[in-house]
Amino acid sequence: MSLSFISSQGFYNTTCGYCNSEERTSRKFYLNSITLTCQDYQDLIDRGWRRSGTCLYKPDLLDIKDNLFCNKKRLDANKFQASKSQRKVVNRFNRFVEGTYVPSEASVGDDGPSEKQSHVNGTGKTGKQVGKIFEIIKTIHEAEDREDYKHKFRIVFERSSFTQEKYQLYRKYQINIHKDPEDEVTKNGFRRFLVESPLQYESSGVQNTSEYGSFHQCYFLDDKLIAIAVLDILPKCVSSVYFLYDPDFGFLQLGIYSALREIALTKEYYNAGLEKLNWYYMGYYIHNCQKMKYKGNYKPSELLDRDTYEWYPFEYCARLLDQSEYVSFSNPPNQTEDNNEKKDKENPKKYTSLLPPPGMLDPESVADNEIEDINVLLHDNNMILPYH
């Protein structure tokens with residue numbers, strides 16, 4: 001029988017890497033995970049947890065004073081409908097590989113080129129998909145391994161691992177995109193952050209599908225590594241851990257392209273027979289953070305409620321978050337509660353003093369039969385004993 005081993009690390013306050021605010025922090029509870037079954041991690045992320053390497057963390061959403069309020073976000077890949085702008089990103093990428101789209105120098109950047117800045121070569125093709133139905137799986141694979149295209153594009157899907165080529169791409173991305181100091185971007189940091197994983201590789205039980213576990217989806221253009229998607233494949237979802245790319249190819253809007261490719265991958269798992277695996281998890285969503293606004297463009301999607309761990313439609317949640325930065329979707333405030341809510345913000349300890357750590361149950365509410373499968377590791381004797 002496979003077991004999961006974790007140890008508690010407690011609370012820590014950190015600044016937000018997205019919002020770059022030293023005034024507003026994120027208070028998180030941390031666990032060190034030695035090894036995890038994929039089902040156990042699936043259960044954890046469905047209660048608001050996320051991993052960075054072997055470290056598991058969950059924001060303390062109830063300690064709201066000066067803290068960033070975030071929720072987990074997921075999307076049903078089978079119901080996803082690509083927007084016009086998203087379809088353009090995929091079609092433009094395919095035309096670039098084909099050689100019928102060439103960006104001008106002015107268009108090279110993270111925001112991607114406008115239609116006026118793009119042009120085609122002498123093939124006479126315009127790249128417009130007039131009357132053509134956008135089938136995400138078919139279209140996303142259209143430019144792969146084509147001998148008749150100008151560029152050679154291929155995807156390598158492999159277990160997470162360290163290579164010098166991956167590290168150099170990570171280093172270039174962190175320094176140029178996130179402005180990390182050069183001396184802080186190290187091989188060990190890359191290994192800890194994006195290579196090491198506590199997840200056990202497990203068979204999905206379905207032929208022609210990968211194992212469950214942690215993987216790197218590597219993008220090669222003309223045999224050069226230009227992007228890596230770090231993904232966890234779990235019993236119910238494809239979970240996006242991180243994405244990094246070569247800044248020289250920012251004009252291809254690879255962040256948008258990668259999300260669409262991962263949605264297509266989720267659909268492929270479902271179509272192959274993994275009928276519970278239809279969800280694409282996009283990580284945390286912070287409504288008032290501009291760098292996370294793009295996640296609202298993938299529809300239809302859902303946000304996780306902080307109180308009930310139930311999922312609610314994004315549009316419903318967004319309307320509530322427009323009115324109040326801190327809100328429970330299952331028990332939204334009404335007009336008469338506004339004054340009380342303001343007082344609660346000024347005294348966050350009122351929320352947290354009697355509460356267990358994030359993601360953990362009140363011990364008095366746990367029945368004996370619910371802890372029968374929990375064991376405690378005694379280090380001195382190397383013994384594993386039942387918790388009770």
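**Note on a predicted single-chain model**

1. Proline 300 sits in the loop that runs between strands β12 (279–285) and β13 (301–304). As background, most peptide bonds are trans, and most residues other than glycine have a negative phi. The model discussed here is predicted.

2. Asparagine 208 is not a glycine, yet its phi is positive, at about 65 degrees. Asparagine 208 is found in the loop between α5 and β9 (213–221). With a relative accessibility of 79%, asparagine 208 counts as exposed, because the cut-off for exposed is over 50%.

3. Tyrosine 309 is the other residue in this pair. Its phi is also positive, at about 60 degrees, and tyrosine 309 is not a glycine either. The loop that holds tyrosine 309 lies between β13 and β14 (311–313). Is tyrosine 309 buried, partly exposed or exposed? At 21% relative accessibility, tyrosine 309 counts as partly exposed, since buried means under 20%.

4. On the overall make-up, the chain contains nine helices and 16 strands. Of its 388 residues, 47% are buried. The accessible surface of the chain is about 20400 Å², and carbon and sulfur atoms account for 47% of that surface. Among the contacts in the chain with a separation of 6 or more, 64% are between residues 24 or more positions apart.

5. The largest nonpolar core has 76 residues. Which residues have the most contacts inside this core? They are Ile233, Leu254 and Tyr257. Leaving aside residues up to four places away in sequence, leucine 254 touches Phe93, Ile226, Phe243, Tyr245 and Phe249. There is also a second, separate core of ten residues, and Leu303, Phe314, Val327 and Phe329 are included in it.

6. The axes of helix α2 (residues 84–98) and helix α6 (residues 254–271) come within 9 Å and cross at roughly 100 degrees. The two helices are therefore roughly perpendicular to each other, as angles of 65 to 115 degrees are counted that way. On the α2 side the meeting residues are Gln86, Val89, Val90 and Phe93, and on the α6 side they are Leu254, Ile256, Tyr257 and Leu260. By class, this contact of α2 with α6 has seven nonpolar residues, one polar residue and no charged residues.

7. Helix α4 (residues 164–176) and helix α5 (residues 187–195) have axes that come within 10 Å and cross at roughly 95 degrees. That makes α4 roughly perpendicular to α5. Gln164, Lys166, Tyr167 and Tyr170 of α4 make the contact with Lys187, Phe190, Phe193 and Leu194 of α5. Five of the residues in the contact of α4 with α5 are nonpolar, one is polar and two are charged.

8. The last point concerns a serine. Serine 239 belongs to strand β11 (residues 237–245). Its relative accessibility is 4%, so serine 239 counts as buried. Which residues does serine 239 touch, not counting residues up to four places away in sequence? The residues are Arg50, Val230, Leu231, Asp232, Leu234 and Tyr281.

Technical notes:
Residues numbered from 1 in each chain as written. Predicted model: local features only at pLDDT ≥ 70, side-chain atom pairs only at ≥ 80, totals over all residues. Heavy atoms only, no water. Helix = DSSP H or I, 4+ residues; strand = E, 2+ residues; numbered from the N terminus. Buried < 20%, exposed > 50% of the residue type's maximum accessible area, 1.4 Å probe, protein only. Contact = heavy atoms within 4.5 Å. Areas by Shrake-Rupley, 256 points an atom, 1.4 Å probe, with all protein chains shown as cover. Axes fitted to C-alpha atoms, helices over the stretch in contact; angles between N-to-C directions. Parallel < 35°, antiparallel > 145°, perpendicular 65-115°, else oblique. Nonpolar A, V, L, I, M, F, W, Y, C, P; charged D, E, K, R; others polar. Core = buried A, V, L, I, M, F, W, Y, C linked by side-chain atoms within 4.5 Å.
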